[in-house]
Amino acid sequence: MPQQTADVTHRLVSAPAGRIHLVEQGTGPLVLLVHGFPESWYSWRHQLPVLAAAGYRAVAVDVRGYGRSSKPDATDAYRMFELVEDNAAVVRALGERRAVIVGHDWGATIAAHSALVRPDVFRAVGLLSVPYTPPGGPRPSEVFARMSGDGGDEFYVSYFQEPGRAEAEIEPDVRGWLAGFYAALSSDTMPRPGAPDPHFVGRGGTLRDRFPAGPLPAWLSEKDLDVYAEEFERTGMAGPLNRYRNMDRDWEDLAGFDGAPIAQPSLFIGGGLDASTTWMADAIKAYPTTLPGLVSSHVLDGCGHWIQQERPAEINRLLTDWLASLPS
């Protein structure tokens with residue numbers, strides 16, 4: 001049964017994962033919101049009421065492995081095709097045929113591939129923080145291995161590959177680790193230029209070694225941090241981390257889409273201080289080829305990685321303007 005909380009409704013719907021937990025608000029055309037790592041539906045708390053007020057049925061999911069959604073044990077249950085079909089199943093379960101999909105961080109990549117693989121379901125796609133890059137190219141694990149520094153630093157995606165390794169760092173103090181991770185990628189608390197990069201692990205160390213010490217980012221209250229920490233303390237980190245452990249499988253699974261553009265109307269918004277934007281600047285430059293339906297692209301000066309929480313008013317304006325421009 002749906003559970004009403006304040007102005008939003010919580011539901012559990014059937015999907016290939018087993019069940020997907022979602023939160024919805026409003027009526028009108030469906031807009032599906034997909035979070036990233038390490039987040040939850042709660043990452044869209046500032047967008048749900050604004051999209052609802054603008055005349056949309058705004059629905060934020062917990063991706064499989066997160067929150068109240070099902071958490072399959074098998075590592076390969078978190079490959080991209082599985083997550084795409086979860087999203088399509090949510091649309092069906094809500095009694096809809098088509099939806100706009102918007103994602104942040106890993107959610108942006110999941111949203112992009114949902115639009116690529118299921119254009120029959122997803123009529124437009126919005127990408128926050130992580131640009132679209134078509135499938136193909138070198139094997140991901142080889143790319144990440146080459147990113148290791150001369151001093152033996154290990155890129156965080158490589159660090160996440162071995163089951164149990166990152167869990168052993170995070171799970172003894174989930175709240176403290178999340179606070180540091182969020183701060184490391186936020187505009188007002190990220191390490192100063194020249195400090196050790198928190199995207200890398202020093203030899204024999206942990207990611208946490210390079211997290212900034214000090215106050216929480218301005219966008220993150222103690223209550224907000226409690227919401228995130230309570231979810232991950234209850235569920236553990238294996239499901240979320242398993243997304244990273246399927247990148248080579250995705251590379252193989254998606255071979256039939258090598259180099260494929262996304263033709264639907266699209267939107268990109270990135271943070272000017274976010275490594276996802278700066279490291280992937282060439283992907284943004286390639287949008288005339290890779291996103292031929294691009295309506296608008298924005299890089300927000302002075303903004304970090306958690307853009308819809310750092311700059312909610314600006315993101316809400318850009319989202320609603322874009323949605324209003326889409327054909328009905």
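Predicted model: local features only at pLDDT ≥ 70, side-chain atom pairs only at ≥ 80, totals over all residues.
Contact here means heavy atoms within 4.5 Å.

A pair of aromatic rings is described by the distance of the centres and the angle of the planes. For Trp177 and Phe211, the ring centres are 5.5 Å apart and the planes stand at 70°, so this pair is edge-to-face, the class for angles over 60 degrees. Trp177 belongs to helix α7 (residues 174-184), whereas Phe211 lies in the loop between β9 (200-201) and α8 (222-235); the pair therefore ties together parts that are 34 residues apart in sequence. Both Trp177 and Phe211 are buried.

A further edge-to-face pair is formed by Tyr182 and Trp306, with 5.2 Å from centre to centre and 85° between the planes. Tyr182 is in helix α7 and Trp306 is in the loop between β11 (294-300) and α14 (307-310), so this pair links parts that are 124 residues apart in sequence. Tyr182 and Trp306 are both buried. An aromatic ring also meets a charge in this model: Arg243 lies over the face of Trp106, at 4.6 Å from the ring centre.

Attention now turns to helix α8. This helix has 14 residues and reaches 20 Å from its first C-alpha to its last, close to the 20 Å expected at 1.5 Å a residue. Which residues of α8 are buried? They are Asp224, Leu225, Tyr228, Ala229, Glu231 and Phe232. Because these residues cover an arc of only 160° around the axis, they lie on the same side of α8. The face turned away from that buried side carries the exposed residues Lys223, Glu230 and Glu233. As for partners, the buried residues of α8 pack against α7, α9 (238-242) and α14. After α8 comes Gly236, with a positive phi near 80°.

Notes: Residues numbered from 1 in each chain as written. Heavy atoms only, no water. Phe/Tyr/Trp six-rings, centres within 6.5 Å; stacked < 30°, edge-to-face > 60°. Helix = DSSP H or I, 4+ residues; strand = E, 2+ residues; numbered from the N terminus. Buried < 20%, exposed > 50% of the residue type's maximum accessible area, 1.4 Å probe, protein only. Lys NZ or Arg CZ within 6 Å of the ring centre and 35° of its normal. Expected span 1.5 Å × (residues − 1). Arc of directions from axis to C-beta.
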